[in-house]
Amino acid sequence: MINIIKNFKTSELKDTRFVHPVKITFNQNGKDKIWEAVKSFDSVAILLYHEEKKSFLLVKQFRAPVYLNDKNHTCTYELCAGIIDKDVSLEQIVKEEINEECGYDVSLESIEKVTSFYTNVGVSGAKQFLYYAKINESMKKHKGGGINDEEIELMFVPIDEIEDFIFDESKAKTPGLILSFYWFMKNKKRLVEQI
């Protein structure tokens, strides 16, 4: 993915849609304290294993906050993911995100919950729910890439390359992606190698 970034600026955040900056005051062990935080949506993320390709399907996209901190990274490598912004089951959100971002139609029954954890605990403390699903080409319905103005590129990482991928610092990635690979190696790798 080639990203040409121009006119990159920062400004005061007003009339927000997805994040809400707040000032928090509290007393901890008799001491008054102040903290700055961002109230944001919780999210789901999905490790997708492609059975025929023996690979993981990841998404690549430009993330402005990463670029703000490191201009060397014009894209990040991530799990398929999305915010929890509607009143439906988490599995339904997972199914919709897989379809929108990756183009695969996965049944609700085949979506497996792995765990949950908190992300960016010093700023937002949002909770992420991690899931796993297997995909194959019979489930492919369209090319994926996201909706509206999302620019998402799909990328396959072969199962035998994930350890190198985890430690390749030239690729900006999330802790959730690394955790999901370790979970897979401990819980699923032997099962898929037998197939």
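Me: What does the accessible surface of the protein come to, and what share of it belongs to carbon and sulfur atoms?

Reply: In this predicted model, the accessible surface is about 12,300 Å². Carbon and sulfur atoms hold 49% of that area.

Me: What radius of gyration does the protein have, and what would a compact globule have?

Reply: The general idea is to set the value beside that of a compact globule with 195 residues, which would be near 16 Å. The protein has 18 Å, and this agrees. Along its principal axes, the C-alpha trace spans about 60 × 45 × 35 Å.

Me: What share of the contacts with a separation of 6 or more joins residues 24 or more positions apart?

Reply: Contact here means heavy atoms within 4.5 Å. Of the contacts in the protein with a separation of 6 or more, 63% are between residues 24 or more positions apart.

Me: Which residues is V38 in contact with, leaving aside its neighbours within four places in sequence?

Reply: V38 belongs to strand β2. With those neighbours set aside, its contacts are V19, H20, P21, V123 and S124. The C-alpha atom of V38 is also separated by 9.2 Å from that of A126, although the two residues are 88 apart along the chain. V38 counts as partly exposed because its relative accessible area is 22%.

Me: Where is N29 found, between which strands?

Reply: N29 lies in the loop between β1 (19-28) and β2 (31-40). Its phi is positive, about 55°, although N29 is not a glycine. Its relative accessibility is 76%, so N29 counts as exposed.

Me: What is the phi of K54?

Reply: K54 has a phi near 50°, a positive value in a residue other than glycine. K54 sits in the loop between β3 (43-50) and β4 (55-61). With a relative accessible area of 38%, K54 is partly exposed.

Me: How many positive and negative side chains does the protein have?

Reply: There are 27 positive and 31 negative side chains, and the centres of the two sets lie 3 Å apart.

Terms used:
Residues numbered from 1 in each chain as written. Predicted model: local features only at pLDDT ≥ 70, side-chain atom pairs only at ≥ 80, totals over all residues. Heavy atoms only, no water. Helix = DSSP H or I, 4+ residues; strand = E, 2+ residues; numbered from the N terminus. Buried < 20%, exposed > 50% of the residue type's maximum accessible area, 1.4 Å probe, protein only. Rg over C-alpha atoms; globule rule 2.2 N^0.38 Å. Areas by Shrake-Rupley, 256 points an atom, 1.4 Å probe, with all protein chains shown as cover. Lys, Arg positive; Asp, Glu negative; His and termini not counted. Charge placed at Lys NZ, Arg CZ, Asp CG, Glu CD.
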